[in-house]
Amino acid sequence: VYSVEANANNAATRITAAGIAAQVTPQSMGGRTVWQVIAGPMLNAGVVAQLKELGFVDAFVIADSE
């Protein structure tokens with residue numbers, strides 16, 4: 001989650017360049033807008049490891065809501 005949209009877009013661009021789909025979605029949090037970067041779908045645990053190698057050390061897996 002980023003407080004600056006440009007930073008979220010930069011992160012999504014880095015992730016996409018590594019071959020992982022990524023999207024930026026705005027979220028309302030505490031009365032302000034933040035931008036969440038969602039990568040995936042994750043086909044295997046290696047993708048999370050790849051994200052961590054890119055510097056996204058706080059990356060984690062969430063269940064698909066569909």
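Apart from neighbours within four places in sequence, Thr-33 is in contact (heavy atoms within 4.5 Å) with Ser-3, Pro-26 and Gln-27. The structure is a predicted model, in which local features need pLDDT of at least 70 and side-chain atom pairs count only at pLDDT 80 or more, whereas totals for chains, interfaces and linings use all residues. Residues are numbered from 1 along each chain as its sequence is written, and side-chain values use heavy atoms, with hydrogens and water left out.

**Fold and overall dimensions**

- The protein has 2 helices and 2 strands, where helices (H or I, at least four residues) and strands (E, at least two) are DSSP runs numbered from the N terminus, and the order of these elements from the N terminus on is α-β-β-α.
- Along the principal axes of the protein, the C-alpha trace spans about 35 × 25 × 15 Å.
- Of the contacts between residues at least 6 apart in sequence, 43% join residues at least 24 apart.

**Surface and burial**

- The accessible surface, from the Shrake-Rupley method with a 1.4 Å probe and, for residues, with only the protein chains shown counting as cover, comes to about 4,700 Å², and 54% of this area belongs to carbon and sulfur atoms.
- Buried residues (under 20% relative accessible area, against over 50% for exposed and in between for partly exposed, with a 1.4 Å probe and protein chains only) make up 20% of the 66 residues.

- Val-47, once its neighbours within four places in sequence are set aside, is in contact with Ile-20 and Met-42.

- Although Thr-33 and Ala-21 are 12 residues apart along the chain, their C-alpha atoms are separated by 23 Å.
- The peptide bond from Gly-40 to Pro-41 is cis, with omega near 20 degrees, and Pro-41 is found in the loop between β2 and α2.
- Most peptide bonds, by contrast, are trans.
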